[in-house]
Amino acid sequence: MDKLEESTSTLVSTIHDVGRFRKFTLSSARQISSYCQYKTPKHIGIRSNVIGVLYRIVQLSAIGGMLIWAWLSKGYQIHDTPKGTITTKLEGIAYTNITSKLGDRVMYSGVWDVSDYVIPPEEHNTVFVMTNMLVTTNQTQGKCAEDPTKSNVTCTDDKDCLAGTAVYMGNGIRTGRCVPFNQTVKTCEIHAWCPVWTDDHEPTQEPVINDAKDFYILIDSTVRFEKFRVFGRNTRHEGSLDYLKGCIYDPITAKLCPIFRVQYMLDNSYPLVKWRDIAINGGIISVEIDWRCDFDRQSIESCVPTYHFQRLDNPDMKLAGGYTFRYADYYAVDGVMYRRRTRAYGIRFEIQIMGDGWKWDTNNFLLTAAKALVVYKMATWLYNFIVMSCIVRHCANRVEDHVEELEIGDDCNICSCKVDDDEQRNRHSIIRLNSNRKTKTITTTCE
């Protein structure tokens, strides 16, 4: 009897083990088969005039917006920035007949040509026109009293002047002696170019070279658009040298002429620059040569640059305002070296090339089209999300996955949905909305 019970228990245990093994096998098989399946998205047809019209409006807005963006940004074209070189040449003659002494030293009069007022003769993309000056003549190496406006140079006796030390921002090296600068002030004696320059001199109330406003600047600009392999130049007019000799730039009648009058550049600068204000203390004017070429419609020969002028320095600056620098001319008399020291004021024209060139490019067109398609798809997905999350659930508490068609009235008062036959055959659900916005479902069986 005991053996029979033991055999029976063993048999039951074995059956249980087989059952568990079978369940495990079936579960594992289902899991493995799930990785070999692919499910397509379920589409639900919504019958509603309002929702349908809004859906088309969203689609058309997405496409229209991308088309406008592509047109304005020229997304179907490739762009390139011009690179190039600039050369300048300045022409003009001025005559001055100033009888009063300037700086208590020099009388300024005579004829001024390019070699006198273009300093230095050559700069990179820059030209300087001298309009005003202060000059100290006949300076020679020697010993003299330092300018009393410099720091730590006034003295009462020799011990106040340490020999061999340089004057901070001064004109020379102290000799160790205290000497009179004038009848009332004593300063340290220095080794320097004497007589020293004194900072109490101010620019004249009228520019020395007042005729500089009628000088002319030739600006020769050569550019290259690397991506399109084309060269351009602003000094062209049928190759005529006679045209360049007689033309003056005008944005309407002579836009191909690269010769500019100084007064014209000041009158057309931003902000407006008055000649007297900039000629006395100097200033900096930016000249921008703007090349903008549409190579789908024009060649490089028909692309004409435009010019923009702007004052870069601050004319209201009281301390170290304007533009000025110092230079010297050297000469010898009877074996003694002399120099003529000039503090020059003038207009510094800084010239630069800028612009853009564009042309049709298939790669950019395809890239822009891909962007438009992405925006279109995102707008469609967002609209579907809003409809399913807000509008449909506003008509029904929830829509099951097996629903394949949904009909919504324009006033959203009556909603009906058709059940997928694969999920629930011959079933039909009607969803109605009461006045208090609560849902009530009536289910009927189709005949």
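Me: Which two residues does the disulfide with Cys161 join, and how far apart are the sulfur atoms?
Reply: In this predicted model, Cys161 is joined to Cys188, with 2.0 Å between the two sulfur atoms.

Me: Where in the chain do Cys161 and Cys188 lie?
Reply: Cys161 sits in the loop between strand E6 (126-145) and strand E7 (173-180), while Cys188 belongs to strand E8 (residues 186-194).

Me: What is the handedness of the link between Cys161 and Cys188?
Reply: Look at the angle about the S-S bond. For Cys161 and Cys188 the angle is -90°, and the link is left-handed.

Me: Are Cys161 and Cys188 buried or exposed?
Reply: A residue counts as buried when its relative accessible area is under 20%. Cys161 has 4% and is buried. Cys188 has 0% and is buried as well.

Me: How many disulfides does the structure hold?
Reply: The structure holds 5 disulfides. One of them joins Cys247 and Cys257, whose sulfur atoms are 2.0 Å apart. Here the angle about the S-S bond is 75°, and the link is right-handed. Both cysteines are in the loop between helix H4 (241-246) and strand E11 (259-261), 10 residues apart. Cys247 is buried at 9% relative accessible area, and Cys257 is buried at 0%.

Me: What can be read from the disulfide of Cys293 and Cys303?
Reply: The sulfur atoms of Cys293 and Cys303 are 1.9 Å apart. The torsion about their S-S bond is about -75°, so this disulfide is left-handed. Cys293 lies in strand E13 (residues 283-294), and Cys303 in the loop between E13 and strand E14 (306-311), so the pair ties together parts that are 10 residues apart in sequence. Both Cys293 and Cys303 are buried.

Me: What describes a pair of aromatic rings?
Reply: Two values are used: the distance of the centres and the angle of the planes. In this structure the count comes to 16 aromatic pairs. One of these is Phe260 with Phe309, which is edge-to-face, with 6.0 Å from centre to centre and 75° between the planes. Phe260 is in strand E11 and Phe309 in strand E14, 49 residues apart. Both Phe260 and Phe309 are buried.

Me: Why is the pair of Tyr264 and Phe309 called edge-to-face?
Reply: Planes over 60 degrees apart count as edge-to-face. The planes of Tyr264 and Phe309 stand at 90°, with the ring centres 6.3 Å apart, so the pair is edge-to-face. Tyr264 is in helix H5 (residues 262-267) and Phe309 in strand E14, 45 residues apart.

Me: Which residues do ring pairs link into a cluster?
Reply: The cluster consists of Tyr249, Phe260, Tyr264, Tyr307 and Phe309. Phe309 has a relative accessibility of 6%, so this residue counts as buried.

Me: How many helices and strands are in the protein chain?
Reply: The protein chain has 7 helices and 20 strands. Of its 447 residues, 34% count as buried. The chain exposes about 28,300 Å², and carbon and sulfur atoms supply 55% of that area.

Me: What share of the contacts joins residues at least 24 apart?
Reply: Take the contacts between residues at least 6 apart in sequence; of these, 65% join residues at least 24 apart.

Notes. Residues are numbered from 1 along each chain as its sequence is written. This is a predicted model: local features need pLDDT of at least 70, side-chain atom pairs count only at pLDDT 80 or more; totals for chains, interfaces and linings use all residues. Side-chain values use heavy atoms; hydrogens and water are left out. A disulfide is a pair of cysteine sulfur atoms within 2.5 Å. Helices (H or I, at least four residues) and strands (E, at least two) are DSSP runs, numbered from the N terminus. Buried means under 20% relative accessible area, exposed over 50%, partly exposed in between (1.4 Å probe, protein chains only). Contact means heavy atoms within 4.5 Å. Accessible areas come from the Shrake-Rupley method with a 1.4 Å probe; for residues, only the protein chains shown count as cover. Rings of Phe, Tyr and Trp (its six-membered ring) pair if their centres lie within 6.5 Å; planes under 30 degrees apart count as stacked, over 60 as edge-to-face and the rest as tilted.
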